[in-house]
Amino acid sequence: MKRVLTAAAFACAATLVHAADPWQNADMVGRDLNVPLLGSIGHVGLWSGAVGYVIEMLDEATPLQQNTLANFKSRTSYWGASYYSSLMSRPNVQVCNNIAYCDNLISYAPDYALQWQASLWWAAGATYTTTVFYTHPQPGGWYTPESPPWGPPAQPIYKGPTMGQFRCDTFVREVWRTGNTVPVASFPGTQLPNTMFYAFSIR
């Protein structure tokens, strides 16, 4: 009986260690997929430590969302957090100052740069897909259409940001790849939420 209790205690402790909370900007958080019989495929999001939210792609009316960590955990079995162990040894990353119009690039430490990039894409929005194909949101800006051969010259027109397209794991991967912060070779050959989550260090 003592052996059984000891084994159970170790299993419980291992589960608690495995299911650690994120603490660094751009940590990946994971949980079971909220689909019957497909839970083990998993679902992943990005921890936005600066504002305390998980940024994640969901198959819902508003796909790209910011949710609390408590909300993320409450939906299905929580896996914990994983991270790229060499992240903070990478050089600073340049990212747009805003998504409305990218008129300036700002250099941030790699963890904050990835969190900032995720926030910019969240502001632009994205549509959900179940495929591995993706498109990045693009910042807005001013452009001048071609002037007609008659009449006054065309006036500058503002075009707002364009939405991207992701599923949960491609969103996290593409944020992590910003500025080649996490090299392509670091990602698993088979692209699924569970394979990507466990390809990196676990908190």
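Arg31 lies over the face of Phe72, 4.9 Å from the ring centre; a charge is taken to sit over a ring if NZ of Lys or CZ of Arg is within 6 Å of the ring centre and within 35 degrees of the ring normal. The charged end of Lys73 is likewise placed over a ring, that of Tyr78, at 5.0 Å from its centre. The model is a predicted one, in which local features need pLDDT of at least 70 and side-chain atom pairs count only at pLDDT 80 or more, while totals for chains, interfaces and linings use all residues. Residues are numbered from 1 along each chain as its sequence is written, and side-chain values use heavy atoms, with hydrogens and water left out.

The rings also meet one another. Across the whole structure, 14 aromatic pairs are found, a pair being two rings of Phe, Tyr or Trp (its six-membered ring) with centres within 6.5 Å, stacked if the planes are under 30 degrees apart, edge-to-face if over 60 and tilted otherwise. Phe72 and Tyr78 form an edge-to-face pair, because their planes stand at 90°, with the centres 6.3 Å apart. Both Phe72 and Tyr78 are buried (under 20% relative accessible area; exposed is over 50% and partly exposed in between, with a 1.4 Å probe and protein chains only). Trp121 and Phe171 make a tilted pair, since their planes are at 55°, and their ring centres are 6.4 Å apart. Trp121 belongs to helix α3 (residues 110–124) and Phe171 to helix α4 (residues 168–176), so this pair ties together parts 50 residues apart in sequence. Helices (H or I, at least four residues) and strands (E, at least two) are DSSP runs, numbered from the N terminus. Trp121 and Phe171 are both buried. Elsewhere, ring pairs join Tyr84, Trp176, Phe187 and Phe200 into a cluster.

Turning to charged pairs, there are 7 salt bridges, each a side-chain nitrogen of Lys or Arg within 4 Å of a carboxyl oxygen of Asp or Glu. Asp27 and Arg203 form one of them, with the closest N and O atoms 2.8 Å apart. This bridge links distant parts of the chain, 176 residues apart: Asp27 is in the loop between α1 (2–18) and β1 (28–31), and Arg203 in the segment after β12 (201–202). Asp27 counts as buried because its relative accessibility is 1%, and Arg203 counts as buried at 17%. In another bridge, Asp169 pairs with Arg167 at 2.6 Å between the closest N and O atoms. Finally, Arg173, Glu174 and Arg177 are linked in a network of salt bridges.
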